[in-house]
Amino acid sequence: PQTAVTIPKCLSSQAMAAQSFPPPSSNLSSKVELSVSCSNLKNLDHFSKSDPVVFLYSRGREVEWTKVGRTELIENNLNPKFSTTFSMEYKFEEVQNLQFAVHDVDDKHHVDNIDKQQLLGTMECTLAEIMAAGVHLTKSLKLQGKPAGIITIHSEEVRNSNFIVDFQLSATKLDKKDVFGKSDPCIEKAKAQEGGDVTLVHTSQPIMTTLSPKADPNATPVYSFVDYIRGGCQISLITAVDFTGSNGYPSDPKSLHYIDPVKDNEYVQAIKSIASVLAPYDSDQMIPSFGFGAQIPPHFHVSHCFPLDLNTQNPEVYGVQGILNAYQHAVRTVRLYGPTNFSSILDKAMQFASVRENQQSQSYFILLVITDGEITDMADTVDRIVAASKLPLSIVIVGVGGANFENMEILDADDTPLRSRNGETMARDIVQFVPFRELMRKGGPNGCVAKETLAEIPGQLMAFMKSNNIKPNPPVLRRSETTEQLGPQPYPSGPQGPAPYP
């Protein structure tokens, strides 16, 4: 007998799958609203209190600031809470610099003319910092380098609907499976993912003795990347730099590792472009950084995974500048060798990502590999990537120089999923490859490198969380002025060793 499954006409099964969990290639940006409050502002009026207003400016990688808008004016208040909000597009893969400027309004007829107002203080941050802070971001206002009060930025994602899909499934004329009596069916709901895979989402309770079951109404909440970030999910960056001989001797101006005092080499450009996007999501800013394919001191044996700062007691460096400092120290210290093996670096990244994921403690890791050529341990690398596809890990590979990157395109696996030597297929797509020089040749600025390389990360993170039934937590307070003032902790996870470089 034929079986019919009834779905409301207003919502097809394809639409349900799309709303239930958008694929990585769907909308990469989210609309967010920012609201502002201040405290302990300076009083610049003689017979009353200051009359504050906040102007918001934005800047990408260009030099000039662009005015986004301003809040309303609040009179005679040193602790204002503004009702006007700023609406912005949040893009994970881009650096979105913001400046909040608080002015005391002296000419109420020309509020927008800042030349007629007195500056109370400014604060600069990125939109990523605000989103990663959770509930709100609190920082000091500065005026001529001195503290000038406190500003707090609250963020909220704006949605076109409540993202709850309510529907009821039913079936008729099911096949009779029981010898005595009717069948006891249950109804399973699954979602289609990119690549055609189907993942089970919900199974109803058995519906006893019927061939025409009707499941209870089911509501499916839909979560966004922003929900995970604001809920405290840690995104941790791991970096790996290629020091094989094919890069060219570092003292040669033609070398990919040549340290030019005027112009950044491609390795430095890639680190600045991509790491600057990811670093704000790491609350302690301690970034495990490694090199591979070099002979390292003191005995100059070949290593395919060594701490970039050559500090064997701790491979972590502080922030983007820490990566750059360690990289330049390594260029001047190690001996370029080979071959180009990825498997040891992948093993190290998998160690970091092999954490026990649960609802309360959420983390996701991104391995950034910058390399100049073809890998020589392809089979071992594929095996590692297949195994890593089950972990909270994404791998982004930036190819520098003009070598043949054919194998990198294979690892990208956009068209054909990778299969290990034991026949196992990767659980999900976790690799993104970008040829740096080709992208730059097409006229793209450094920011385009990060955009092309990181565009798939939000979808990959959500796919992992969904497949492991991990929902976003409520927004938490992760970052404030207090943690910011602590500054870098050089050796947080091990005993202090000798300084790796001046």
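Is Asp-112 buried, partly exposed or exposed? Asp-112 is partly exposed, at a relative accessible area of 46%. On this scale, buried means under 20% relative accessible area, exposed means over 50%, and partly exposed is in between (1.4 Å probe, protein chains only).

A note before the views: this is a predicted model, where local features need pLDDT of at least 70, side-chain atom pairs count only at pLDDT 80 or more, and totals for chains, interfaces and linings use all residues. Residues are numbered from 1 along each chain as its sequence is written, and side-chain values use heavy atoms, with hydrogens and water left out.

**View 1. Arg-70 pairs up with Asp-112 in a salt bridge.** A salt bridge here is a side-chain nitrogen of Lys or Arg within 4 Å of a carboxyl oxygen of Asp or Glu. For Arg-70 and Asp-112, the closest N and O atoms sit 2.8 Å apart. This pair links distant parts of the chain, 42 residues apart: Arg-70 belongs to strand S4 (residues 66-70), while Asp-112 is in the loop between strand S6 (97-104) and strand S7 (118-126). Those labels come from DSSP runs, numbered from the N terminus: helices are H or I with at least four residues, and strands are E with at least two. Arg-70 is partly exposed too, with a relative accessible area of 29%. Across the whole structure, a search turns up 12 salt bridges.

**View 2. Arg-421 meets Asp-380.** The closest N and O atoms of this salt bridge are 2.5 Å apart. Here again distant parts of the chain are linked, 41 residues apart: Arg-421 is in the loop between helix H8 (406-412) and strand S24 (431-435), and Asp-380 is in helix H7 (residues 378-388). Arg-421 counts as exposed at 58% relative accessibility, whereas Asp-380 is partly exposed at 27%. The two also belong to a network of salt bridges that links Asp-347, Asp-380, Asp-383, Arg-384 and Arg-421.

**View 3. Glu-424 reaches Lys-390.** This is a salt bridge with its closest N and O atoms 2.5 Å apart. Glu-424 lies in the loop between H8 and S24 and Lys-390 in the loop between H7 and strand S23 (393-399), so the pair ties together parts 34 residues apart in sequence. Glu-424 counts as partly exposed, at 28% relative accessibility.

View 4. Pro-298 lies in the loop between strand S17 (294-296) and strand S18 (301-303). You'll find Pro-339 in the loop between strand S21 (335-336) and helix H6 (343-353).

**View 5. Gln-144 has a positive phi.** The angle is about 55°, although Gln-144 is not a glycine. Look for Gln-144 in the loop between strand S8 (136-143) and strand S9 (146-157). At 78% relative accessibility, Gln-144 counts as exposed.

**View 6. Gln-285 has a positive phi as well.** Its phi is near 60°, in a residue other than glycine. Gln-285 lies in the loop between helix H4 (266-278) and strand S16 (286-292).
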